[in-house]
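Dear colleague,

Please find the structure below, handed over for your records. My findings follow directly after it.

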Amino acid sequence: MNALSLSHLALSHFRSHKQIALDLDARPVAIYGPNGVGKTNLIEAVSLFSPGRGLRRASAQDLTRQPEAIGWKVSGILETIKGAREIGFSSENGVPRQVRIDEKPVPQTALGEIARILWLVPSMDRLWIEGPEGRRKFLDRLCLNFFPKHAQLSLDYEKAMRERNRLLKEQIRDAHWYQGLERQMAQTGAEIHNNRQRVLERLERSQDKAATQFPYAQLELTLTEGEMPQTAQDLRSAFEESRFRDMAAGRSLIGPHRADLYGVFAAKGVAAAECSTGEQKALLISLILACARALSEDIGSAPLLLLDEVAAHLDATRRAALYDEICALGAQAWMTGTGPELFAELGERAQYLEVCESRVSLSK
């Protein structure tokens with residue numbers, strides 16, 4: 001099985017790291033060291049190879065090493081099924097993040113055509129019990145890996161919606177001001193909804209076929225109220241019909257931005273929000289693995305996996321099961337933990353990064 005992997009990663013004045021250069025093979029990367037030494041900063045750097053603002057959604061300014069604040073650089077060689085690509089990022093003198101692929105400037109959305117990256121970080125542990133926005137972002141991140149244009153669709157939809165909301169707040173009643181914006185929202189919104197539904201169906205099939213120790217997650221896309229119109233024309237009509245109600249609220253009350261992801265622990269028939277903390281974590285791991293399996297089948301390449309502190313919440317049996325599934329996929333999974341004992345079940349199947357205050361040491 002082919003898989004995406006980073007064969008080289010270099011950081012300069014990024015977060016807590018002044019200078020790092022790593023040459024890697026395609027095996028999983030086990031990163032260990034005390035709390036606060038910059039383990040998560042390393043996988044955050046890797047997350048930048050995917051469209052968006054990375055796993056912490058940090059601004060370019062927040063990524064620069066303090067107190068120097070002279071700007072930062074991240075670069076790497078990404079091995080793909082079509083060959084190696086040199087990718088670089090930088091932000092200096094207050095300029096927003098710049099992206100280059102093979103030394104040519106490109107928009108961030110171009111990364112979606114090259115890199116497939118999935119991540120699971122501790123802040124996502126509350127995904128099932130907090131607001132729907134986080135669940136939408138989680139699902140859209142999965143969609144992006146199957147449909148690289150999903151990121152641009154989301155940007156276009158949000159831009160048009162912001163302008164429509166401005167008109168609503170200003171109590172503009174002339175229909176001509178809304179028609180073009182609602183056409184744009186309907187076209188992109190219908191595609192966004194269709195992509196989400198297709199990914200949920202794909203995850204269901206991937207879970208159905210899997211031999212795994214992680215629980216089956218039944219998923220359903222719901223709306224805050226009513227049902228999502230299925231076509232662009234239906235959605236456009238819904239925007240028009242809802243216009244005066246939206247004007248009273250000062251915002252758009254219908255559309256894919258009102259969707260929510262409802263999950264159920266299938267074996268118990270219990271809503272994910274009502275499961276124990278450990279069960280909720282296991283459901284998330286199951287979905288990440290299901291998505292990785294589906295991508296491997298659909299595009300012929302396992303994605304990069306970024307799993308921050310994932311091993312600390314698993315017993316030895318389930319930890320070994322996770323590592324076995326990652327290795328079976330052939331995925332280069334970047335995993336963090338406080339000590340090497342958390343990765344003992346990996347043995348020689350992984351390469352190891354020890355991180356301390358003054359250095360990063362790679363052993364293979």
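Glu279 touches Phe265 and Lys268, leaving out residues up to four places away in sequence; contact here means heavy atoms within 4.5 Å. The side chains of Glu279 and Lys268 are joined by a polar contact of 2.2 Å. A polar contact is a pair of N or O atoms within 3.5 Å, of which, within protein, one must be able to donate a hydrogen and the other to accept it; residues adjacent in sequence count only if both atoms are side-chain atoms. Glu279 is buried, with a relative accessible area of 18%. The terms are set as follows: buried is under 20% relative accessible area, exposed is over 50%, and partly exposed is in between (1.4 Å probe, protein chains only). Glu279 is located in helix 7; helices (H or I, at least four residues) and strands (E, at least two) are DSSP runs, numbered from the N terminus.

Please note that this is a predicted model, in which local features need pLDDT of at least 70 and side-chain atom pairs count only at pLDDT 80 or more, while totals for chains, interfaces and linings use all residues. Residues are numbered from 1 along each chain as its sequence is written, and side-chain values use heavy atoms, with hydrogens and water left out.

The largest nonpolar core has 113 residues, among which Val74 and Trp334 touch the most other members. Helix 7 (residues 277-299) gives the most to this core, with 12 residues. Such a core is a set of buried Ala, Val, Leu, Ile, Met, Phe, Trp, Tyr and Cys residues joined through side-chain atoms within 4.5 Å. Beyond four places in sequence, the residues touched by Val74 include Leu9, Phe14, Leu48, Ile87 and Phe89.

Val74 belongs to the covered face of strand 4, together with Trp72, Gly76, Leu78 and Thr80, whereas Lys73, Ser75, Ile77 and Glu79 form the uncovered face. In a regular strand the side chains alternate between the two faces of the sheet. Strand 4 (residues 72-80) contains Glu79, which counts as partly exposed at 29% relative accessibility. The side chain of Glu79 makes a polar contact of 2.7 Å with the side chain of Ser7. Glu79 and Leu6 are 6.0 Å apart, C-alpha to C-alpha, although 73 residues separate them in sequence.

Six strands form an open antiparallel sheet in the order 2-1-4-5-6-7; two strands pair if DSSP finds at least two bridges between them. Strand 2 (17-23) and strand 7 (104-105) stand at the edges with a single partner strand each, so one side of each has no neighbour in the sheet. Strand 4 pairs with strand 1 (residues 5-14) over seven bridges, with Leu9 as the bridge partner of Gly76. Nine bridges join strand 4 to strand 5 (residues 83-91), and a hairpin connects these two strands through two residues.

Finally, Lys39 lies in helix 1 (residues 39-47). Lys39 is buried yet has no salt bridge, and the nearest side chain of opposite charge, that of Glu309, is 4.2 Å away. Lys and Arg count as positive and Asp and Glu as negative, with His and the chain ends not counted; a salt bridge is a side-chain nitrogen of Lys or Arg within 4 Å of a carboxyl oxygen of Asp or Glu. A polar atom of the Lys39 side chain lies 2.9 Å from the backbone oxygen of Pro34.

Yours sincerely
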